[in-house]
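Please look through the structure shown here and follow the explanation with the model open beside you, taking one part at a time.

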Amino acid sequence: MSIPTWDRTAVMGVVNVTPDSFSDGGRWFETAAAVKHGLDLVTEGADLVDVGGESTRPGAPRVDEAEELKRVIPVVRGLATEGVVVSVDTMRAAVAEQALAAGAAIVNDVSGGLADPRMVPVVAATGAPFVVMHWRGFLQGPNIKGVYADVVTEVVDELHARVDAVLEGGVDAANIIVDPGLGFSKDAEHDLVLLAHLDRLRVLGSPVLVAASRKRFLGRILADPDGNPPPARERDAATAAVSALAAHAGAWAVRVHEVRATADAVRVARALAEARER
């Protein structure tokens, strides 16, 4: 396996097979609905689809392994059978292993292999591309809001250390994708500063995935005069704006819930890049 590439920033559509996602929990919980939603996202312009069966919102309880497998594997298999490029969003090695066997092409682990000591060996053995996200632990207690003196430097340094550990575990350097982990142990200001300095992640030498869709920092930006943020599903225009900016900064992919506007945004960014070259 190798990291799939396109002639522009890719659009990764999200399929949450969960009852409690912060954004769209429960809407695609049944297998048939989840597969149909994934296919709809491809029709709307998604280049690949990220399937997850466990919410990572702050304070979310973990589901057990058997339940996660029950949620995820049939959806991965259903989409892969239709020719969709699938990534599996999981922190469990067993789920990653079975999803890859069912046709998934990428493992997207928000813990970067820290939550399950078997994850890195499994990914190394299969040769699958691996998304390594910046992670300081489950979003509970003190980990909900991280403390940083210099968020960009610290995130880059901590990601660098994690990538080195993944390499030492046997994962091929050509198969590593990095993610700054927007919203994970970070407040709105941290997220904005990281987005403003995405170019600093180039020192890591890996493609960059940006997952900003509908997140809290966008709600903060869009809040009304009383400070009330709009519901998650009313943040898609702002998400598309971030997608365009991420594409301009050279991101490998952007992970989004609503695909059509972002698919347009990354194509506009590509057209502008081509115009600059003329």
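In this predicted model, strand β1, which covers residues 10-16, pairs in the parallel sense with strand β2, residues 48-52, and the pairing runs over five bridges. Within this pair you can find Val 15, which stands opposite Val 51 of β2. As background, strands of a sheet pair through backbone hydrogen bonds, and the pairing may be either parallel or antiparallel.

Two packed helices are described by the angle between their axes and the distance between the axes. For helix α1 (residues 31-43) and helix α2 (residues 65-81), the axes come within 9 Å and cross at roughly 40 degrees, and α1 and α2 are therefore oblique to each other. The crossing in which α1 passes α2 is right-handed. On the side of α1 the contact is made by Thr 31, Ala 34, Val 35, Gly 38 and Leu 39, while α2 contributes Pro 74, Val 75, Gly 78 and Leu 79. Sorted by class, this contact of α1 with α2 holds six nonpolar residues, three polar ones and no charged ones.

Leu 159 lies in helix α5, which spans residues 151-168, and because its relative accessibility is 1%, where buried means under 20%, Leu 159 counts as buried. Not counting residues up to four places away in sequence, Leu 159 touches Val 132, Met 133, His 134, Val 178, Asp 179, Pro 180, Leu 201 and Leu 204. Between Leu 159 and Leu 39 there are 33 Å in space, C-alpha to C-alpha, and the two are 120 residues apart in sequence.

Leaving aside neighbours within four places in sequence, Thr 262 is in contact with Val 11, Thr 239, Ala 240, Ser 243, Val 254 and Val 256.

Definitions and conventions. Residues numbered from 1 in each chain as written. Predicted model: local features only at pLDDT ≥ 70, side-chain atom pairs only at ≥ 80, totals over all residues. Heavy atoms only, no water. Helix = DSSP H or I, 4+ residues; strand = E, 2+ residues; numbered from the N terminus. Buried < 20%, exposed > 50% of the residue type's maximum accessible area, 1.4 Å probe, protein only. Contact = heavy atoms within 4.5 Å. Axes fitted to C-alpha atoms, helices over the stretch in contact; angles between N-to-C directions. Parallel < 35°, antiparallel > 145°, perpendicular 65-115°, else oblique. Left-handed = near helix turned anticlockwise from the far one by under 90°. Nonpolar A, V, L, I, M, F, W, Y, C, P; charged D, E, K, R; others polar. Pairing = 2+ DSSP bridges.
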